[in-house]
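Hello,

Here is the structure I promised to hand over. Have a look first, and then read on for what turned up in it.

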Amino acid sequence: MFQTLYSYFWWERLWLPANLTWADLEDRDGRVYAKASDLYITIPLAFLFLIVRHLFETYVATPLAGLLNVKEKIRLKATPNAVLEKFYAATTKHPKQADVEMLSKKSGCTVRQVERWFRRRRNQDRPSLLKKFREASWRFTFYLIAFIAGMAVIVDKPWFYDLREVWKGYPIQSMLPSQYWYYMIELSFYWSLLFSIASDVKRKDFKEQIIHHVATIILISFSWFANYIRAGTLIMALHDSSDYLLESAKMFNYAGWRNTCNNIFIVFAAVFIVTRLVILPFWIMHCTVVYPLDLYPAFFGYYFFNFMMAVLQSLHIFWAYLIIRMAQKFITGKARQGSGDERSDREETDNSEEEEEVAKNGPLSNGHPVLNNNHRKND
């Protein structure tokens, strides 16, 4: 049964145009072609990326955070309460008013104390500013290096300037060593993102992030199987061109460099819109949808690849909406202090009234400000 499924999965009509077989893509005369077995290395490389990331965040990002004076906001801990903790863990972190009143009776606390407890408890679970800075630093470093490496791989190729060259001779297109390593590193990185997504900073678009990572892994893998390597390298470099700008804007946001963050975010928004909403659909997707039909009839792989491209494009439209909203606030001056990433930074900062009092009047004792006798005397 396994052999039957294997045969159906690798049926040439799923992956290759008519009248072509896997035998046509066997290495010969010094020409090397992409093989599915090449991708086995990406799983151990993904775990290697996780190790490198841990070392980078510990020995590079953390000292950098200290140099940029990344400061944690004061967070008051919730007083241990078994009744409230059980409800928090088993039911919801955001109780409705009826739940608050019920919990007030069960726990012996006032309604206001229950609301305060849940605010503080949610704050305890939010990722620290240092964690977010370290994560952004790691992604910034990878995306910047990947973009530079990607441009080095494709800038001297004829299909970078003439998209019809992407399909010249397809699928009998040999693979270059630079293309091999570009693919392996990009795919390994996205595997590592998928493996670590549960422990990374969770954002409002958490589900969309999972869909994005899965769609990207499928696209990269499929383009390798079907020898869509030329189109694949263009798509990967296009995506990396804006990602490092977003991560750098986050870094400066966490460091409190508000103007620098806003300016970089505006540049990122412009690059994102041009690359993801103009170049990708009207150049790259036009290249993958229209040009292949001049060479061979449409087959399953053709439809599947372009369907996954449409999934990615839908996510880009969703993110563009959030980005444009944020950029508009920066341009009009309505963005508040500490609001950087529309997906997470604002909604993850939920200071309670008591924490605001800390900033104004100093520490609290049982919900009340501690008197400070060190006021400067009036002359």
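The largest pocket is lined by 27 residues, and nearest its centre lie Trp-10, Lys-35, Ala-36, Ser-37 and Phe-225. A pocket here is found on a 1 Å grid over the protein atoms alone: it is an open set of points where a 1.4 Å probe fits, with protein on both sides within 12 Å along at least five of seven lines, and lining residues have an atom within 4 Å of a point. The volume of the largest pocket is about 650 Å³, a volume being the space filled by probe spheres set on the grid points, which are joined across faces, edges and corners.

Before going further, please keep in mind that this is a predicted model: local features need pLDDT of at least 70 and side-chain atom pairs count only at pLDDT 80 or more, while totals for chains, interfaces and linings use all residues. Residues are numbered from 1 along each chain as its sequence is written, and side-chain values use heavy atoms, with hydrogens and water left out.

Back to the pocket. Helix H9 (206-225) gives the largest share of its lining, six residues. Helices H1 (2-9), H2 (12-15), H3 (42-67), H8, H9 and H12 each supply at least two lining residues; helices (H or I, at least four residues) are DSSP runs numbered from the N terminus. Sorted by class, the lining has 21 nonpolar, three polar and three charged residues. In this sorting, Ala, Val, Leu, Ile, Met, Phe, Trp, Tyr, Cys and Pro are nonpolar, Asp, Glu, Lys and Arg are charged, and the others, Gly among them, are polar.

Lys-35, one of the residues nearest the pocket centre, also forms a salt bridge with Asp-27, with the closest N and O atoms 2.7 Å apart. A salt bridge means a side-chain nitrogen of Lys or Arg within 4 Å of a carboxyl oxygen of Asp or Glu, and the structure holds eleven of them. Both partners are partly exposed: Lys-35 has a relative accessible area of 30% and Asp-27 one of 39%. (Buried is under 20%, exposed is over 50% and partly exposed is in between, using a 1.4 Å probe and protein chains only.)

Which residue does Arg-164 meet in a salt bridge? Its partner is Asp-294, at 3.4 Å from N to O. This pair links distant parts of the chain, 130 residues apart: Arg-164 sits in the loop between H7 (129-154) and H8 (177-196), and Asp-294 in the loop between H11 (258-289) and H12 (300-332).

Glu-247 and Lys-250 form a salt bridge too, at 3.6 Å from N to O. They are three residues apart in H10 (residues 229-254), so about one helical turn separates them. Glu-247 is buried at 5%, and Lys-250 is buried at 3%.

The largest nonpolar core has 77 residues, and Trp-224, Tyr-228 and Phe-265 have the most contacts inside it. H12 contributes the largest share of this core, 13 residues. A second, separate core has ten residues, including Ala-78, Cys-109, Val-114 and Trp-117. Here a nonpolar core is a set of buried Ala, Val, Leu, Ile, Met, Phe, Trp, Tyr and Cys residues joined through side-chain atoms within 4.5 Å.
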